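Me: Please take a close look at a single part of this model, the surroundings of the ligand. Then set that part against the rest of the chain, with cut-offs given.

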Amino acid sequence: MQQTIDNAYPTIPVARRLRTRLTAYFVLLTVGVIGIVTTFTLIQVRNQSMQQTFHQLESIAQLKQNQITRWVHEGERTLNLIIADPEIIDESMSVLADNPSAKAIQDTLNNEFRYSIEAQAEGESIFNELIFYNRDGRVVAGSNAASINKVVTLQPYFEPSLRAGYVTPPYYEIVTGELTMFVTHPVQNSDGETIGAIGGRLNIDVLREVTAERAGLGETGETYLVSIENNYLLTPSRFEGYSMQRAYRSEGIDSVLQAQNSFGIYNNYAGTPVLGVYRWIPELQAGLMTEISEAEAQVIITQTSTLIIGLVVVLALVAGVLGFYAATNISRPIVRLSQVAAQVAGGNLSERAHITERSEIGLLAKTFNQMTDQLVSSINELDHRVEELNQTNDALRVATAKAKEAARVKGEFLANVSHELRTPLNAIIGFSDMLLMGMSGELSPKQRHKMERLRENGVRLLTLINNVLDITRIEARRIEIITKPFSPRALADRLSAQMTVLAEQKNLDFKTTIDSQLPEMLVGDEHRIEQVVVNLLSNAFKFTDSGAVTLNIEVNPNQHTWDIVVTDSGIGIPPHALNVIFEEFRQVDGSSARAYKGSGLGLAITRNLVRIMDGQIAVDSELGQGSTFTVTFPLVVNMEELEKVSA
Ligand code: ADP
């Protein structure tokens, strides 16, 4: 149960992370797309807005330029009209040019001039003053009495005015310091001689009015004229502290005074960054500047940007909320499923995912439930199997205990019976020996034969009983192994002496070979080793009718072992019987074994003895060719080594 609780929690943060991630992807995607579109739009808006501002400034500049040139031309036209009046030219001016003190003529002309100005004043007053001066530059007539008799030779228009119609660019009059602009025209007499010139002082206020008109120029826009003469302003700055008779410079002013018409963004004369459009007006020898501060021009951009960014933020928020909602919807069943999975993993197999969605997640939940059902049924089946196995185990344990007990009883019984049988058998054999030796008088051949059969069967029975006793002792682990140093060569000599009799009886060759490397002394139970070899050699002679039997003793120093190899050229053992022959009471073929006699216990005893002495036994045989039995023991040459081997 503890495990269930531990496992249930880790899935929740994982699922929350899933939801957070989904929301983040959603918002990022939306904001990303909106962001790109917005950036693009903002750049477009900025460019267009700038362009629009420049266009607007351009049209304002154009309009003002038109107004100014029209005004100048109007001045010229008006002056031409006055000069075209024959009365004035032919009579008045001619006379006055020669005789400036002709008072009546002068008065007439003065009146005429005043009248001209007043006539215009009804409409729009082009001139403030009209003057007529002779070739010496003396004003001989004029609309303003104060000007009469003044000398204008130093005025910038004087020289050019005697040659042709001329418009002086605005200039500051030396005496009065006033901004002045004259339109002049030479006057000729009937002989075509230039007798003087007529000049009209233009009403400069018109220029101020034109530039002061700020329609379409917003809060910071202004239009002004800069003269090429000393870079003075011809119209006042709309800002305080910038007097007109001072040199002004800016990127725009510098360009326009080189007679360029263009536009740009630059710092104006006051150091404010502006968007400006400028026009060169040749009649005034001045530049018309139309400027608006960059800050104001950008207000609209800033406003639009703010609006768009605000919109983006709102959209991002909406996307966030929608994304969160969608992510929650998507992740909720996954969260539930993972919680159920954790519960199941923790051992709560009754838990199921209740997700009805018709989506992949629904399918997943269904499959998960099926999987859990399958798991439950598998576990139930396993439990059932385990139960069955436990029962079988219990039964087996009981049966084993019973079998062990039975074996023990059998062993005990056999040991007792064998012991009981040996005593009378020894007596039978002993008495038959005595009878055969003639101790009770000579036996007839018939009697001797029967007595010999009696003795032979007695010996066989005793051997069988001894074997049974041995195997019973071995099984009951009641056999004792006495290990001590012995001479393997002496053992081999003894065995070959014993067996030579048997070999001679059956007319078989018998050879014993001993490895020269075999140590003089080995450690082991000499008596039991002898029992093993006697068993093997007895079988070899028993199952061999012709040929030879050999006994080899070999050493394998590398493996630290020594071998006893018994080979015969007898009947051989069929492959299927090779393992079986080591089992108790087993013979290759009951009937043939009977022919050779024996009980089927010899090899069983042999193998058990070999194993008890830490050795191994192997057999190699071919039917009709012969058999080889190899017994391998560890090579132990002294008692200390024995302890090591046993350890
Ligand atoms: P037995 O008393 O019958 O010899 P063993 O246990 O010694 O019992 O041998 C079991 C059987 O193995 C024998 O009956 C025989 O069939 C077979 N056997 C053992 N040694 C040989 C051998 N050297 N050649 C052929 N068969 C053999």
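Reply: A polar contact is a pair of N or O atoms within 3.5 Å; inside the protein one atom must be able to donate a hydrogen and the other to accept it, and sequence-adjacent residues count only through two side-chain atoms. The model is predicted, so to speak of local features takes a pLDDT of at least 70 and side-chain atom pairs need 80 or more, while totals for chains, interfaces and linings use all residues. Numbering starts from 1 along each chain as its sequence is written, and side-chain values rest on heavy atoms, without hydrogens or water.

Start with the ligand. It is surrounded by 20 residues, and the closest of them are N539, K542, D568, Q587 and L603; a residue belongs to this shell if one of its heavy atoms lies within 4 Å. In K542, a polar side-chain atom sits 2.9 Å from an oxygen atom of the ligand. In D568, an N or O atom of the side chain is 2.9 Å from a ligand nitrogen. L603 takes part through its backbone: one of its backbone N or O atoms lies 2.8 Å from a ligand oxygen. Of the 530 Å² that the ligand exposes when taken alone, the protein buries 97% (areas by the Shrake-Rupley method, 1.4 Å probe, with only the protein chains shown as cover for residues).

The shell can also be read by secondary structure. Helix α12 (526-542), helix α14 (602-612) and strand β18 (626-634) each supply at least two of its residues, and α12 gives the most, with 3. Helices (H or I, at least four residues) and strands (E, at least two) are DSSP runs counted from the N terminus.

Buried means under 20%, exposed over 50%, and partly exposed in between (1.4 Å probe, protein chains only). Leaving aside neighbours within four places in sequence, T606 is in contact with V532, N535, L536 and I617, contact meaning heavy atoms within 4.5 Å.

S496 is another buried residue, at a relative accessible area of 17%, and its place is in helix α11 (488-506). A polar atom of the S496 side chain lies 3.0 Å from the backbone oxygen of D493. Beyond residues up to four places away in sequence, S496 touches F510 and T512.

Now the rest of the chain. The protein chain contains 15 helices and 18 strands. Taken along the principal axes, its C-alpha atoms fill a box of roughly 225 × 65 × 45 Å. Of the 647 residues, 39% count as buried. The accessible surface of the chain comes to about 36,600 Å², and carbon and sulfur atoms hold 55% of it. Among contacts in the chain with a separation of 6 or more, 62% link residues 24 or more positions apart.

H354 sits in the loop between α8 (294-345) and α9 (360-436), and at 65% relative accessibility H354 is exposed. E209 is 145 residues from H354 along the chain, and the C-alpha atoms of the two are separated by 86 Å. D373 lies in α9 itself and is partly exposed, at 40% relative accessibility. D373 and L349 are 24 residues apart in sequence, with a C-alpha to C-alpha distance of 8.4 Å.

Two backbone angles remain. Most residues other than glycine have a negative phi. N149 has a positive phi near 80° without being a glycine; its place is in the loop between β2 (139-142) and α5 (158-161), and N149 is partly exposed, at 47% relative accessibility. N230, also not a glycine, has a positive phi of about 65°. N230 is found in the loop between β8 (222-227) and α7 (251-256), and at 46% relative accessibility N230 counts as partly exposed.
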